[in-house]
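Hello,

Here is the structure you asked for. Please open it first, then read the notes below with it on the screen.

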Amino acid sequence: MSWTPPPAPPRQPGRGRPAGHPAAAMRRARLRRRTWWLLGTLPVVVALLVLGFKLTFLAPIASFAKGDYDDGAHLDAAGTYGSQRTMNLVEPWKAHFNTGTANARAGDAWATYDAITSLQEAYDLAEGETPEERCMIQTNLSLAYEISGDEDMAYGDGKAAELAAVEEAIAARDAGLPYEEAVLDPYGDGTEPDPDVLRQDVQDWYEYAEQSYATAEQVRGWPDCGESEQTPEQQEQAEAAQQRLQDKQQQAQDSQPENQDGGDPQEGEGSEGDEQSEASGGEGSEGEGSGDQQSEAEREEQQRQERLEEQNSEARDEADREEQEYRDLYGDEPGGSDGGDDGSGSTKNW
């Protein structure tokens, strides 16, 4: 007995057609187009999802960072603010401002470096903002440079103390007097510190401090604060800050070993010449002398501004060199942490 196979199902349209059939080719083309369209729009979809996620959590993250800042955990606050610096389309300058301000308050050398970088970026991004907001960034950037100068001064003071101790020990040893051997052999391997090297270190660090103070003073002179509405108290604070920076700059200059051998002889000669001119003046010379003094003051101010610009340029070159050295050693920017902020809970200038 033989089995009869079941009848074949009815043939459906579009099924079982040969691969070269026009309808099958069109169907494959449509599938390819859909696939490429999905792949092409996928990055956009992902970017929108990430942006939506960041916008949703911007305010809570900023509030959390503000809490750390108020509690004195400035490095933690800087890291949290820093996580908001990427893909921030809502007032992006505020993320860099908050990050830089928190880092400047941290009291860490690399954090201070990152503070300057972040605040400079904030100032550039805030080009279209109000003078009051740009003045706020300008003020904190100047303070960050001043803090950097203070750190350089402290390091220079330490090197100067080390140099004085080494020179005193060498003089005692040469005179056959007792001296502290650990000063001349700090590592216990017989390697004696070189006073000339130490003296150059002292010179370099005080010069770094002078450059930082000069740059801070120059930043203070940017026009934004002058264009903003300031209270008499704010204007008084700004003038006091300018004077403070000039005093610190002079202190750093006077502390340099090459400037400690006595004053400029030309200064004394000039003063003596002025006294002689006044002594032999006669009638009518008072008005002429006043004009000369005004012209001399203008020349001195112009020279001072030229020195400030030159020192500012040197400070930027030095900062770029330090950044490159750090990148060569560690492969990243000092204190760098990606991220942005919508401005919620912005850190005020201090």
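**A residue in helix H7**

Ala-214 is part of helix H7, which covers residues 195-220. Keep in mind that this is a predicted model. Is Ala-214 buried or exposed? Its relative accessibility is 0%, so Ala-214 counts as buried, the cut-off for that being under 20% relative accessible area. Gly-149 is 65 residues away from Ala-214 along the chain, yet the C-alpha atoms of the two are separated by 9.2 Å.

**The whole chain**

The protein has 11 helices and 0 strands. Read from the N terminus, the order of elements is therefore α-α-α-α-α-α-α-α-α-α-α. The protein has 350 residues, and 32% of them count as buried. Take the contacts between residues at least 6 apart in sequence: 75% of these join residues at least 24 apart.

**The disulfide**

A disulfide is a covalent bond between the sulfur atoms of two cysteines. The count in this model is 1 disulfide. Which residues form the disulfide? They are Cys-135 and Cys-225, and their sulfur atoms lie 2.0 Å apart. The torsion about the S-S bond of this pair is about 95°, so the disulfide is right-handed. Cys-135 belongs to helix H5 (residues 131-174) and Cys-225 to helix H8 (residues 224-227), so the bond ties together parts that are 90 residues apart in sequence. Both Cys-135 and Cys-225 are buried.

**Helices H3, H4 and H5**

Two packed helices are described by the angle between their axes and the distance between the axes. Two such pairs follow, and H4 takes part in each.

Start with H3 (residues 93-104) and H4. They pack at an angle of about 155°, with 7 Å between their axes. Why do H3 and H4 count as roughly antiparallel? Angles over 145 degrees are classed that way, so H3 and H4 are roughly antiparallel to each other. The crossing of H3 and H4 is left-handed. On the H3 side the contact includes Trp-93, His-96 and Phe-97, and on the H4 side it includes Ala-111, Asp-114 and Leu-125. Sorted by class, the residues of this contact are 8 nonpolar, 7 polar and 2 charged.

Now take H4 (residues 109-125) with H5. Their packing angle is about 155°, and their axes are 9 Å apart. H4 and H5 are therefore roughly antiparallel to each other, and their crossing is left-handed. Among the H4 residues that make the contact are Ala-109, Ile-116, Gln-120 and Tyr-123. From H5, the residues in the contact include Arg-134, Ile-137, Leu-141, Tyr-145 and Glu-151. The contact of H4 with H5 divides into 11 nonpolar, 5 polar and 2 charged residues.

**A residue in helix H9**

Ser-255 lies in helix H9 (residues 232-255). Its relative accessible area is 17%, so Ser-255 is buried. Which residues does Ser-255 touch, not counting those up to four places away in sequence? They are Met-153, Tyr-206 and Gln-260.

Regards

Terms used:
Residues are numbered from 1 along each chain as its sequence is written. This is a predicted model: local features need pLDDT of at least 70, side-chain atom pairs count only at pLDDT 80 or more; totals for chains, interfaces and linings use all residues. Side-chain values use heavy atoms; hydrogens and water are left out. A disulfide is a pair of cysteine sulfur atoms within 2.5 Å. Helices (H or I, at least four residues) and strands (E, at least two) are DSSP runs, numbered from the N terminus. Buried means under 20% relative accessible area, exposed over 50%, partly exposed in between (1.4 Å probe, protein chains only). Axes are lines fitted to C-alpha atoms, for helices over the stretch in contact, and angles run from 0 to 180 degrees between N-to-C directions. Angles under 35 degrees count as roughly parallel, over 145 as roughly antiparallel, 65 to 115 as roughly perpendicular and the rest as oblique. A crossing is left-handed if the near helix is turned anticlockwise from the far one by less than a right angle, and right-handed if clockwise. Contact means heavy atoms within 4.5 Å. Ala, Val, Leu, Ile, Met, Phe, Trp, Tyr, Cys and Pro count as nonpolar, Asp, Glu, Lys and Arg as charged, and the others, Gly among them, as polar.
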